[in-house]
Amino acid sequence: MAAAPKGDKGSGDMYGEGAPKLTATAKVAILFITLGPEYSAKLFRHMDDTEIENITLEIANNKQISADQKSAVLSEFYQMMMVRDYISTGGLEYAHDLLEKALGTERAKIIMSRLTTKLQVKPFDFLKKTDPSQLLNFIQNEHPQTIALVMAYLEPDQAAIVMSGLTPDIQADVAKRIATMDRTSPDVIREIERVLERKLSALSTQDFTTAGGVQAIVEVLNRVDRNTEKTIIETLEVDNPELAEDIKRLMFVFEDIVMIDDRSLQLVLREVDTKDLSLAMKATGQDVQDKIFKNMSKRAAEMLREEIEYMGPVKIRDVEEAQQKVVNIIRVLEEKGEIVVSRGQGDEMIV
């Protein structure tokens with residue numbers, strides 16, 4: 001909850017005819033006073049220094065607040081929160097319809113006008129609360145570009161469930177479209193929302209929105225089952241080898257070694273050149289180093305520590321290349337089925 005700049009004029013419609021108009025900051029100050037110090041302190045943690053300073057000053061200068069003012073501020077605050085919930089549930093038009101039925105046309109217009117000038121509603125926000133299986137049934141027959149656009153705005157976990165439910169030929173196509181997606185015009189998004197017959201949300205600005213990209217599809221693939229992941233990667237390797245390589249490179253990074261079980265890591269270390277390993281570990285965190293040293297003999301670990309210590313300054317590019325060599329070995333061993341790499345949900349090991 002952010003206070004408006006000091007001096008921003010608010011509406012006096014809820015405060016009675018002839019009542020002085022309160023600034024947004026004044027309303028927030030009244031709300032804080034009404035809520036009491038315990039809850040107000042929690043809200044302050046979400047504000048910047050300027051907002052805190054303005055509200056504190058307003059509270060200090062507020063010598064007396066009438067019961068009517070307190071009631072009106074609380075009522076307005078409640079209505080604003082209610083509208084936000086309506087919007088996240090079904091979009092702006094849905095929120096407006098509910099308010100109109102509950103409060104009448106004029107009051108609904110006033111509240112919606114107040115809120116939408118400050119609130120930027122994300123495209124397809126409504127779908128984030130939709131059950132993934134229902135969402136899959138709803139969009140699976142749409143054009144792959146439409147599916148890709150919708151999935152790019154979903155949470156990765158939700159998008160992963162949808163991706164796993166698509167047919168193999170559609171999965172790779174959608175994955176490619178998400179990865180290569182850049183910016184989408186608000187007009188296109190609105191049109192897709194209309195085609196899907198969902199009153200989801202309206203863009204509050206005409207700025208282009210950015211979604212998708214290689215990292216977006218990597219986050220999805222890291223959460224799908226291994227068979228789905230393999231099908232998509234293999235299809236992309238034929239259709240777009242460069243994109244497939246970019247995705248594979250991001251799906252496992254050197255620091256992810258901590259996710260490998262000890263037995264598998266020991267097999268990896270047998271295949272890695274000591275010089276490459278020492279260079280790869282030059283700029284890693286303590287958790288990664290501890291994991292590697294733990295899976296080496298005492299003598300080998302001591303020798304590796306000495307080599308890293310006396311290596312001196314090295315180029316970042318050389319470190320990254322060495323790390324990639326280790327990652328490539330891990331990838332080859334995993335593809336052969338000799339090791340298993342845990343990538344999160346569903347990959348926990350049973351001993």
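**Exercise 1.** Which residues in H9 meet which residues in H12?

*Solution.* The model is predicted: local features need pLDDT of at least 70, side-chain atom pairs count only at pLDDT 80 or more, and totals for chains, interfaces and linings use all residues. Residues are numbered from 1 along each chain as its sequence is written, and side-chain values use heavy atoms, without hydrogens and water.

Step 1. Helices are DSSP runs (H or I, at least four residues) numbered from the N terminus. H12 covers residues 214-221, and H9 covers residues 156-165.

Step 2. Contact means heavy atoms within 4.5 Å. Pro156, Ala159, Ala160 and Met163 of H9 meet Ile217, Glu219 and Val220 of H12.

**Exercise 2.** Find how the axes of H9 and H12 are placed.

*Solution.* Step 1. Axes are lines fitted to C-alpha atoms, for helices over the stretch in contact, and angles run from 0 to 180 degrees between N-to-C directions. The two axes come within 8 Å and cross at roughly 70 degrees.

Step 2. Angles of 65 to 115 degrees count as roughly perpendicular. H9 is therefore roughly perpendicular to H12.

**Exercise 3.** State which residues of H7 are buried and which are exposed.

*Solution.* Step 1. Buried means under 20% relative accessible area and exposed over 50% (1.4 Å probe, protein chains only). Pro132, Leu135, Leu136 and Ile139 of H7 are buried.

Step 2. These four residues cover an arc of only 105 degrees around the axis, so they lie on the same side of H7. The arc is that of the directions from the helix axis to the C-beta atoms.

Step 3. Gln134 and Asn137, on the other side of H7, are exposed.

Methods
Helices (H or I, at least four residues) and strands (E, at least two) are DSSP runs, numbered from the N terminus. Angles under 35 degrees count as roughly parallel, over 145 as roughly antiparallel, 65 to 115 as roughly perpendicular and the rest as oblique.
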